[in-house]
Amino acid sequence: MSYRLAMGLLCLALAGCQNSNPYVASSLPLPPAPPQAANTFDASAYPAPPRDFGRYRSWTWQNGQLPSGTALAEPAQIADAVSSALDQHGLRPARNGQSGDLLVSANVQLERRLRQVREDYYPYDNYPYGYPYGGYVGAGRYYNGYGVYGSVPVVRTYEVEVVVVYVDLYDARDGQAVWSTSAETSSQGSQGERAEALRKSVNKALSGYPPS
């Protein structure tokens, strides 16, 4: 390309850059805020303040009702277990018919769970004359009567009954839930052992109160 041709193309390019830009920036003014905006607080724009659990000192039953009884325990027995557990965390029943700082709701249910247990099964445990001098012990392994005999892992599934306790705490001022928890304990055994399982479940459910 000749020198004159290159200079000509450069001049044309510079002339094109000097043309006016057909696009002009413009903006419209923002619409005025509605009159009620000055008096409206948008709570969603701010994080919720941390709840002060230290101000909760007393409690009453929600709607003034004791927990419902079950085949496991009567309402008074459940109420006594919950009251004792709350007392360990510095929460006292409200006195003289006054409203407590917290409203408490509790529910106890008897439910069933499946448990799996791994056991080692020895094939010759039921051999009528003791362990033989030789033979195969699972998975093609040979037992010669002198070494360590083998075992076969067996997973057994059991169905057990458990006591499940549900406890909910609400702020008495605004009705908002502040704590919800549950725990379970095996309920196998006599009536007395089941009552002890109820007490352990309630204590376990409230063991994390107040949250750190």
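A residue is counted here as buried when its relative accessible area is under 20%, as exposed when that area is over 50%, and as partly exposed in between. In this predicted model, aspartate 87 has a relative accessibility of 36% and is therefore partly exposed.

The chain contains 3 helices and 7 strands, which follow one another along the sequence in the pattern α-β-α-β-β-β-β-β-β-α. Of its 212 residues, 25% count as buried, and the chain exposes about 15300 Å², of which carbon and sulfur atoms supply 53%. Among contacts between residues at least 6 apart in sequence, 69% join residues that are at least 24 apart.

Because phenylalanine 53 lies in the loop between helix 1 (3-17) and strand 1 (58-61), whereas tyrosine 209 lies in the segment after helix 3 (191-205), the pair ties together parts that are 156 residues apart in sequence. Tyrosine 209 also forms an edge-to-face pair with tryptophan 179, again with 5.7 Å from centre to centre and 80 degrees between the planes; here tryptophan 179 belongs to strand 7 (residues 177-186), and the two partners are 30 residues apart. Phenylalanine 53 and tyrosine 209 are both buried, the latter at 6% relative accessibility, and tryptophan 179 is likewise buried, with a relative accessible area of 16%. Ring pairs link Phe53, Tyr56, Trp179 and Tyr209 into a cluster.

In another, the side chains of glutamate 111 and arginine 113 meet at 2.8 Å, N to O; glutamate 111 is buried, with a relative accessible area of 18%, whereas arginine 113 is partly exposed at 24%. Within helix 3, arginine 199 and glutamate 196 are 3 residues apart and are therefore separated by about one helical turn, and their salt bridge brings the closest N and O atoms to 2.3 Å apart. Both are partly exposed, arginine 199 at 38% relative accessibility and glutamate 196 with a relative accessible area of 32%. Salt bridges that share partners also join Arg51, Arg55, Asp171 and Arg173 into one network.

How values were computed:
Residues numbered from 1 in each chain as written. Predicted model: local features only at pLDDT ≥ 70, side-chain atom pairs only at ≥ 80, totals over all residues. Heavy atoms only, no water. Helix = DSSP H or I, 4+ residues; strand = E, 2+ residues; numbered from the N terminus. Buried < 20%, exposed > 50% of the residue type's maximum accessible area, 1.4 Å probe, protein only. Contact = heavy atoms within 4.5 Å. Areas by Shrake-Rupley, 256 points an atom, 1.4 Å probe, with all protein chains shown as cover. Phe/Tyr/Trp six-rings, centres within 6.5 Å; stacked < 30°, edge-to-face > 60°. Salt bridge = Lys/Arg side-chain N within 4 Å of Asp/Glu carboxyl O.
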